[in-house]
Structures are given as structure tokens and as C-alpha cells.
Amino acid sequence: RGERLAALRDRPTVTADGAAVSLQANIELDSDIAAVRQVGADGVGLYRTEFLFMGRASVPDETEQYTAYRRAVRNLRGQPLTIRTLDLGGDKLSGAIDLGEQAPNPAMGLRAIRLSLREPGLFVPQLRAILRASAHGPVRLMLPMLTDLSELDHALGLIAGQRAALDAAGQRYDPAMPIGAMIEVPAAALMAEAFASRLDFLSIGTNDLIQYTLAIDRTDDAVNDLYDPLHPAVLRLIQLTLEGAARARVPVAMCGEMAGDPAYTRLLLGLGLREFSVPPNRHAEVKYVITQSHAGALEKAARTLSGLPERSARQQALQALNRGLQ
Ligand code: PEP
Ligand code: MG
């Protein structure tokens, strides 16, 4: 089996009926790029930059961030690097950033884009570092956890302001750097078309989308058994995101854990997903399932599964979908 997966490494990622699929990687530190290259991924679909801020006493400044992002994009040798802006708060904390008193409900509090927009002293150096890194290779900027268009417009305004500042200082950046957003809150999934029409790409973050749709804390073991990627409400929101983005003619990826679980690969292909971003150690298995699947033939079964109200029936339908895979 290991050999079979290794043999797939240099083959293109296409389904058995010829649909091309982009299979990118999720990373936490720029040093993970070695693993991305080793598995033969199509670039990085999610670089969780908050890990550069965690486990330390001071915030990395613009220069330190620029150096890390530039190193990552250079080491990718022409493949795209999707840099997600800070997603601190919730379960990801940095000793270098004082979020004040413990929030009553951190997952619903000042985290991700909300924190960045509240603290321009934190956000602006990161935007500048990402823009400057884009002079060295294909960089894409991705905003986490948007819920309202005003947050997007605020962030886009800050980016435009820093472009102007870099122009004035004679510093280089890619003026065409794509800007995208994560869809990880039901409100954003329901408004996917409106978000997409102001952006270059979307990426579905199922870890948070499931948490917020089902009101299940993703870190709380007491409710772990209720955390269900196959819940019809979750699958409906994924479909709505794909449909909304398609109307705006904007590509959609998925970078939550669901994308990296080979048990869901066929279901997601059937729902129309063609861009996956997965941890490097999941790459080969997901790629194998893609090559063993007829995307067109999966459509109907995926839709039927999505509408089944009983959990046990959905699980059976998933098994039927995956039949023939080993
Ligand atoms: C997600 O929410 O699915 C996601 C990819 O972001 P994170 O896991 O970093 O919150
Ligand atoms: Mg998330």
C-alpha cells in the first residue's frame, strides 16, 4: 500500500473521469514547506501564521514576519503560498498578546479577523510583511472568520492603504496578489456570493463551520460525539458556499480537517469541490481516493446523502459511496 501511494506522487491529481483537482497543503510553520514538497502538493492552501506568534514572549515584527513568509514562498519554487492572517484568540493564544480578561466565551469573542481589525498595531505589520513577500513568488492573502461584509471592506481598505504606503516608500509587492477569505461561520456561508463578489477566492474552514453550525465546542470532549461533519445543516452550508462562489465565478477550496479525511473525499467530489488543502501526511491517501473516483457519477449519491435526516443512514450512505476503496 505504501508503494502504491508513493507511485502516485508524481502523477497529476485527476479523477477517474478526468476532472482535475487541486491538492494543496496546510502548514503551521515555514519549516513545514519541506514536507509539502516531499509529498508533491500543489502549493500551500493554508499557512496558519498564528503559530509564528505562539509560545513566545514578544510579537514578531514586520521584518521577522517578512523573512519567514519570503523563505516559505521561495522554498515553494513557484507554487502558490496562501498566507492566512492571524487567527489568534479562541483556543489559540499567544503569551505575547494580552487579550484582557478571560473572555466568557472565547470562540465567540475577540478572535481572528475581529482581533486583527481591533488591533491595527498587530494587523498592519502583518499585512505589510505579506505584501512584501508577494514580490518573491505567488502569494495569496486569506482572511479568517469573517461574518459581515463590513469586516471585509475594513480589511480591504487597510490592505489598499499599505499598498499605497509601500508604493510611496519604493518597496516592491505583487499588485495582483489574490485576496480571499475563509468561510467558517454559517453567516458567511449563507452570504458566500456577496463575499465572493469582492474577492478572488474562498476557502471553507470546516473545523469552525461545524463548531458554529452545531454549537459544539471543537475542543470540548464532553460534546465530541455530537461533532458531525455529515450533519445535513453542515453539508447544506458547504453546498451553498460552492453555489454562491460559482455564481460569482470565484474558486472555492476546503482547508478544514474534513478535506483531509479520505472518508469524505468522494462525498466532497460529489458535491462539486475541486480544491482540497490537507495536512501533508494526508496528501497521499486523499490523492489516491481522488484517482479512484468518478466525480460525475458521485453527484447524485452525494446530494441524496446530504438530505438524509438520520445519522445512521448518512453513515451507511457514506460507506456505500466509498465501496471498492481499500
Ligand atoms: C477551520 O476552521 O476549518 C480552519 C481550517 O481553521 P483553524 O482550524 O485554524 O481554525
Ligand atoms: Mg478556523
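In which strand does Arg48 lie? Arg48 lies in strand S2, where strands are DSSP runs of E with at least two residues and helices are runs of H or I with at least four, both numbered from the N terminus. This is a predicted model, in which local features need pLDDT of at least 70 and side-chain atom pairs count only at pLDDT 80 or more, while totals for chains, interfaces and linings use all residues. Residues are numbered from 1 along each chain as its sequence is written, and chains are lettered from A and ligands numbered from 1 in the order in which they are written.

**The chain as a whole**

- The chain holds 14 helices and eight strands.
- Its C-alpha trace spans about 60 × 45 × 35 Å along the principal axes.
- The radius of gyration, taken over C-alpha atoms, is 20 Å; this agrees with the value near 20 Å for a compact globule of 326 residues, by the rule of 2.2 Å times the number of residues to the power 0.38.
- Of the 326 residues, 44% count as buried, which means that 20 or more other C-beta atoms, placed from the backbone, lie within 10 Å of the residue's own; 12 or fewer make a residue exposed, and counts in between make it partly exposed.
- Among contacts with a separation of 6 or more, 70% join residues 24 or more positions apart; a contact has C-beta atoms, placed from the backbone, within 7 Å.

**Around ligand 1**

- The shell (C-beta atom, placed from the backbone, within 6 Å) consists of Leu46, Arg48, Asp87, Glu184, Gly205, Thr206, Asn207, Asp208, Cys255 and Gly256.
- Strand S2 (44-48) and helix H9 (206-214) each give two or more residues to this shell, and the largest share, three residues, comes from H9.
- By class, the shell has two nonpolar, four polar and four charged residues; Ala, Val, Leu, Ile, Met, Phe, Trp, Tyr, Cys and Pro count as nonpolar, Asp, Glu, Lys and Arg as charged, and the others, Gly among them, as polar.

- Arg48 is partly exposed because 19 other C-beta atoms lie within 10 Å.
- Beyond its neighbours within four places in sequence, Arg48 contacts Glu28, Arg84 and Asp87.
- Asp208, in helix H9, is buried because it has 23 C-beta neighbours inside 10 Å.
- Not counting residues up to four places away in sequence, Asp208 touches Met145, Glu184 and Val185.

Technical notes. Contact = placed C-beta atoms within 7 Å.
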